[in-house]
Amino acid sequence: MKAGLLVSLIVNFLVVASAGSFYNDFYFNWGHDHGKVYDNGNSLSLILDKNSGSGFQSKKEYLFGKIDIQLKLVHGNSAGTVTTFYLWQLSSLGPYHDEIDFEFLGNTSGQPYTLHTNVFSQGKGNREQQFYLWFDPTADFHTYSILWNPQRIIFSVDGIAIREFKNLESIGVPFPKNQPMRIYSSLWEADDWATCGGRVKTDWTKAPFVASFRNFNVNACAWSYGASSCKSKSGFADSISNSWIWEELDAGRKGQMKWVRDNYMTYDYCKDSKRFPHGLPRECYVTNFP
């Protein structure tokens, strides 16, 4: 991407950077009686039983940012449950839908979770990539991160990149860059598809199911009343040359990502020729993509 275009996209330098509070920065948008905030607003739990699940969303919208959250998934038999962490624009449902997804698909005891990722841009999705994790995500908290800047989207787990979706508008691939999005998370039941394609159902005798969140952190451009909190200024490139706005994967992080993809990736849309009999999506033909 040319520097001039990049400058026009990433107006800076008044960036929101904070360790967030679940009291101050989020609210429950459904299942209010199945969620709780504690530890002075630093921690939050979502509960799923036969009556309801729960979800929360950020009060602010963001257009580009780096967002981290620590999450401990439902332990034991979590088959049929889905825990999510994603960016989404409520008003963007329809032909110009934008979304950046982490979804954690539960499984029976002793079987691994599936980490499902997807990117929607200008209404185009179908970019699923799935992974197993190299640790037990139910035993302790782990950090899941979304980096979204004008050049790329990077999904990371404990600082290790697992996926990069580059801005390839130059070859006609839509990239989410115009619609601000909110942060969402939820715990819900989807046993018609979540585990083994819906063949394994939720065992409600194991309820309630609990997913725990803590240490939300955002470093991003907040959006309010049609304007970004980030402001254009001369010389800004030098002042933020090491920030998330310019962040890309160096050789070491690319090597880590290759290790994950070689050993833990279970599905890649770019290798699913049966799903795309008339040709894979354009980005799949670009070297080192996604």
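Modeller: Let's begin with Glu99, which is in strand β8 (residues 99–105); strands here are DSSP runs of E with at least two residues, numbered from the N terminus. Bear in mind that this is a predicted model, where local features need pLDDT of at least 70, side-chain atom pairs count only at pLDDT 80 or more, and totals for chains, interfaces and linings use all residues. Residues are numbered from 1 along each chain as its sequence is written, and side-chain values use heavy atoms, with hydrogens and water left out.

Colleague: OK. Is Glu99 buried or exposed?
Modeller: Glu99 is buried, at a relative accessible area of 11%. Buried means under 20% relative accessible area, exposed means over 50%, and partly exposed is in between (1.4 Å probe, protein chains only).

Colleague: Which residues does the UniProt annotation "active site" cover?
Modeller: According to the unreviewed UniProt entry, that annotation covers Glu99 and Glu103. Such annotations may be inferred rather than shown by experiment; the positions are in the numbering used here and feature names are shortened.

Colleague: And where does Glu103 lie?
Modeller: In strand β8. Glu103 counts as buried too, with 16% relative accessibility.

Colleague: What is Glu103 in contact with?
Modeller: Setting aside neighbours within four places in sequence, its contacts include Val82, His116 and Trp193. Contact means heavy atoms within 4.5 Å.

Colleague: Which side chain makes a polar contact with Glu99?
Modeller: His97, at 2.6 Å. A polar contact is a pair of N or O atoms within 3.5 Å; within protein, one must be able to donate a hydrogen and the other to accept it, and residues adjacent in sequence count only if both atoms are side-chain atoms.

Colleague: Switching topic: how many disulfides does the structure hold?
Modeller: Two, taking a disulfide as a pair of cysteine sulfur atoms within 2.5 Å. One joins Cys221 to Cys230, S to S 2.0 Å. The other is formed by Cys270 and Cys284, with their sulfur atoms 2.0 Å apart.

Colleague: Why is the Cys270 and Cys284 disulfide left-handed?
Modeller: Because the torsion about its S-S bond is about -75°. Both cysteines lie in the segment after β17 (265–268), so the pair ties together parts 14 residues apart in sequence.

Colleague: And the torsion for Cys221 and Cys230, what is that?
Modeller: About -100°, so that disulfide is left-handed. Cys221 is buried, with a relative accessible area of 3%.

Conventions
Helices (H or I, at least four residues) and strands (E, at least two) are DSSP runs, numbered from the N terminus.
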